[in-house]
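Subject: Model for your review

Dear colleague,

I am passing on the structure we spoke about, and I would be glad if you could read the notes below beside it.

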Amino acid sequence: MDRVQAQQQRRWTLITVVALATLGLASTAAAKGPVSLQGWLAGGYHRSISLDDNGMDLRGGADLKLGPIALGIGGRFGTDRFDKEGTTRGAIYGNFTLFIPIPVVRPYLQLGAGPIWAKQLDGTGSPPRIGLHQGIGVDILIPNHIAIGVLLDVDENLSREGAAPDIGFSGLVVFKLRL
């Protein structure tokens, strides 16, 4: 097994362990705390370290909140290369979020994984790859089910065969509505 395959196998093992732990935590949290659904929209700046690109990052999704834990699904669309030829990228991913339950200001940690893809303006692009993202954020709770916050997020594209992973980061402003 070459180095890239071994690295991918370790990452998939980590994703499996996190998914199983999430299911266990979610079932425990559902038994102990309030359950709610929240929708969210986010927008901000993305910087690709590996490709030396920058651009916009737009996201949206929904979470099932089980006490201090949220399980969700999200979508992401962005452009890279503000100063070069245009590239668009997108992703659909699952999220696990752990909130620290403080009354007005609510910090959280977020992990996610899912398929990503990229396409240039001329129509060429790459096949879908697996991406991971990890983030840290804080929400300010406003009465009547609204939160506004910020999220700093690091993402990594895992399955670029024979190449170093593409690593980037995003800074986002997040608007959440609990339904």
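This is a predicted model: local features need pLDDT of at least 70, side-chain atom pairs count only at pLDDT 80 or more; totals for chains, interfaces and linings use all residues.

Residues are numbered from 1 along each chain as its sequence is written, and side-chain values use heavy atoms, with hydrogens and water left out.

The chain has one helix and eight strands, where helices (H or I, at least four residues) and strands (E, at least two) are DSSP runs numbered from the N terminus; the order of the elements from that end is α-β-β-β-β-β-β-β-β. Of its 179 residues, 37% are buried, a term that stands for under 20% relative accessible area with a 1.4 Å probe and protein chains only. Where contacts (heavy atoms within 4.5 Å) link residues at least 6 apart in sequence, 53% of them join residues at least 24 apart.

Strand 1 is joined to strand 2 by 14 bridges, and the two run antiparallel; within this pairing, V35 stands opposite L66 in strand 2. Strand 1 is also joined to strand 8, again antiparallel, by eleven bridges, with F175 in strand 8 as the bridge partner of L41. Strands are taken to pair if DSSP finds at least two bridges between them.

The structure contains two cavities of 30 Å³ or more, a cavity being a set of points on a 1 Å grid over the protein atoms alone where a 1.4 Å probe fits but cannot get out. The largest cavity has a volume of about 100 Å³, volume being the space filled by probe spheres set on the points. Its lining (residues with an atom within 4 Å of a point) comprises 13 residues, of which W40, Y108, Q110, L151 and K176 lie nearest the centre. Strand 4 (87–99) is among the strands that each supply at least two lining residues, and strand 4 gives the most, with four.

Finally, A70 is found in strand 3 (residues 69–80) and is buried, with a relative accessible area of 0%. Beyond its neighbours within four places in sequence, A70 is in contact with D63, L64, K65, N95, F96, T97 and F99. A70 and F99 are 29 residues apart in sequence, with their C-alpha atoms 7.9 Å apart in space.

With best wishes

Notes:
Buried means under 20% relative accessible area, exposed over 50%, partly exposed in between (1.4 Å probe, protein chains only). On a 1 Å grid over the protein atoms alone, a cavity is a set of points where a 1.4 Å probe fits but cannot get out, and a pocket is an open set with protein on both sides within 12 Å along at least five of seven lines; lining residues have an atom within 4 Å of a point.
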